Amino acid sequence: QLGTLNEIGLLAGAPETIAWGFEANENPPKLKTHDRFGKRIDEIGFHSSWHRLLKNATRFGLHASPWQSPRAGAHVARAAGFFLWAQVEAGHGCPISMTYSAVPALQTQPKLAAIWEPKLAARSYDPQLAPVTEKASALCGMAMTEKQGGSDVRANQSRATFDQSSSEGEIYRITGHKWFCSAPMSDAFLTLAQTDAGLTCFFMPRVLPDGTRNVFLIQRLKDKLGNRSNASCEVEFEDTYALLVGEPGRGVQTIVEMVNYTRLDCINGSAALMRQAVAQAIHHCTYRHAFGKALRAQPLMQNVLADLALESEAATLLLMRLSGAADRAPTDPHEAALKRLGTAVGKYWVCKRAPGVVNEALESLGGNGYVEESIMPRLYRESPLNSIWEGSGNINALDVLRILAKQPDAVEAFFSEITPAQDDPLIAAATLRLQTEMRDVADQQPRARRIVEQMALLWQAALLRQHAPMATSDAFSRSRLDGEWGHALGTLPNGIALRAIVDRAAPEAG
């Protein structure tokens, strides 16, 4: 049973928990390549607060509950929990998200899944490096990209050669370099390497079944803009033990599901950042007085806060709709098509909106927002990450174009989502404009971002029309669809119920 949202929320808002987030970022991970005898160990040390955050995330089942307890709504429940807990601290969400995403790929290899899936789904946290048979639980990371290729993983040069068969599966030996390996103290990693058949997916444990360390040579930790609590590294493989996942030569096809789930969590992480930033801004403006009254009571600040609230609520609704699609996709072709297309649309747009939202929320705090104690600088540093991870904006926009061209059922599924909101004339008009834009296939690639942006805004407007108060839905449609909006947040048109929108988004006092 997933920890109740009330339980997760109460712990997330506790002063001690908030302190863990600060401590984990103020004391970043440290690499120790050798022990005192000169033996290579390639270990990374973390502050105790990092471990506390992961212990609770796994206790709540945020890493694997839909796989451990499959049921109707499992992905939605897990997404809601992750959304709450990620507002405490973003970095530790990386191994949690990767473990959640890795399980579907492992399930393509039953022998491997039988050994590892129970440990990956366990509701405990065991940070020691040991054989999986000796651990109560495990976490999974990823090591995909290389310096010469980046997002173009087909350009990878790491080479895998067959070694032998075992009870776990087909053993290969990999030699090469990975430019970005996330959460390198995880118990195992999904990685890609070239075989004679082409690019292939592999599962690489950190510790071998006999208890010896796998060859996993950490060259350096990345000095990142944000996400500083989480270790990311460059790593070398030298005849490193790995197990085949999927079919040789079909590495990209094998990791497609994993990519979809990590992209879903990118949307989640960005929506969580936005919600935390908006909550901080509204709270500050509730108690900060200037020019004779609270900032929240002043019309121009109400416009800014309401605009921020619209972005946050629209992002959260889209996240939850996509999580519902993930629940129903295995048995419903409509939902499967919607999940594939919609996740790329949401990944592009929601992650793109986070930096601007966090920046405007930070400004709402004035100079107080520019100091570390306010949490806003950390949110701001985190905000670009999800737009880069698992494919930048261009990668996702091009992915949408490919789906539109090859999967007409996905296009049909998308527009069926808008149909229930066609009673709004602004949504109806925007639907016609988008359909006209999509029918023009000549020189479509330069317009990819524009098309995806229109899709995201239209879908968010339709969701708000169905699930939000009229004041919220009307404000979103008039500004985002009908052009009654400027080039900055806080430029909503007159006649909007600003106060009602801000009140809806305000955090509870306490």
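**Strand pairing, helix packing and aromatic pairs**

Reader: In strand 5, what is the bridge partner of Q164?

Author: The partner of Q164 in strand 5 is I171. Please keep in mind that this is a predicted model.

Reader: How many bridges join strand 4 to strand 5, and do they run parallel or antiparallel?

Author: Six bridges join strand 4 (residues 159–165) to strand 5 (residues 170–182), and the two strands run antiparallel.

Reader: What do strand 4 and strand 5 form, and which residue in the turn has a positive phi?

Author: Strand 4 and strand 5 form a hairpin, with four residues between them. G169 in the turn has a positive phi of about 145°.

Reader: Let us turn to the helices. At what angle do helix 14 and helix 16 pack?

Author: Helix 14 (residues 408–418) and helix 16 (residues 448–467) pack at an angle of about 40°, and their axes are 8 Å apart. Helix 14 is therefore oblique to helix 16.

Reader: Which residues make that contact?

Author: Helix 14 contributes F414, E417 and I418, while helix 16 contributes M455, L458, W459, A462 and Q466. By class, the residues of the contact between helix 14 and helix 16 divide into six nonpolar, one polar and one charged.

Reader: Is F414 buried or exposed? And W459, buried or exposed?

Author: F414 is buried, at a relative accessible area of 1%. W459 is buried as well, with a relative accessible area of 0%.

Reader: How many aromatic pairs does the count come to?

Author: The count comes to twelve aromatic pairs. One of the pairs is W116 with F203, which is edge-to-face, with 4.9 Å centre to centre and 75° between the planes.

Reader: Where in the chain do W116 and F203 lie?

Author: W116 is in helix 7 (residues 110–121) and F203 is in strand 7 (residues 198–205). They are 87 residues apart, and the pair links distant parts of the chain. W116 counts as buried at 3% relative accessibility, and F203 is buried with a relative accessible area of 0%.

Reader: Which residues form one aromatic cluster?

Author: W67, Y100 and Y261 form one aromatic cluster.

Reader: Back to helix 14. At roughly what angle does helix 10 cross helix 14?

Author: The axes of helix 10 (residues 333–364) and helix 14 cross at roughly 90° and come within 8 Å. Helix 10 is therefore roughly perpendicular to helix 14.

Reader: Which residues make the contact in that case?

Author: From helix 10 they are H334, A337, L338 and L341. From helix 14 they are D409, A410, V411, A413, F414, S416 and E417. The contact of helix 10 with helix 14 has seven nonpolar, two polar and two charged residues. F414 and E417 also take part in the contact of helix 14 with helix 16.

Reader: And how do helix 9 and helix 17 pack? What is the angle?

Author: Helix 9 (residues 299–328) and helix 17 (residues 470–481) pack at an angle of about 100°, with their axes 10 Å apart. The two helices are therefore roughly perpendicular to each other. Their contact is made by D307, L310, E311, E313 and A314 of helix 9 and by T472, A475, F476 and R480 of helix 17.

Reader: How many charged residues does the contact of helix 9 with helix 17 have?

Author: That contact has four charged residues, together with four nonpolar and one polar.

Reader: Another topic: E23. Which residues does E23 touch, not counting those up to four places away in sequence?

Author: E23 touches H47, S49 and R52. E23 is found in helix 2 (residues 15–26) and counts as partly exposed at 28% relative accessibility. The C-alpha atoms of E23 and W116 are separated by 32 Å, the two residues being 93 residues apart along the chain.

Reader: Last one. Where does A279 lie, and is A279 buried or exposed?

Author: A279 lies in helix 8 (residues 251–287) and is buried, with a relative accessible area of 11%. Its C-alpha atom is separated by 19 Å from that of P469, 190 residues apart along the chain.

Key. Residues are numbered from 1 along each chain as its sequence is written. This is a predicted model: local features need pLDDT of at least 70, side-chain atom pairs count only at pLDDT 80 or more; totals for chains, interfaces and linings use all residues. Side-chain values use heavy atoms; hydrogens and water are left out. Axes are lines fitted to C-alpha atoms, for helices over the stretch in contact, and angles run from 0 to 180 degrees between N-to-C directions. Angles under 35 degrees count as roughly parallel, over 145 as roughly antiparallel, 65 to 115 as roughly perpendicular and the rest as oblique. Contact means heavy atoms within 4.5 Å. Ala, Val, Leu, Ile, Met, Phe, Trp, Tyr, Cys and Pro count as nonpolar, Asp, Glu, Lys and Arg as charged, and the others, Gly among them, as polar. Buried means under 20% relative accessible area, exposed over 50%, partly exposed in between (1.4 Å probe, protein chains only). Two strands pair if DSSP finds at least two bridges between them. Rings of Phe, Tyr and Trp (its six-membered ring) pair if their centres lie within 6.5 Å; planes under 30 degrees apart count as stacked, over 60 as edge-to-face and the rest as tilted.
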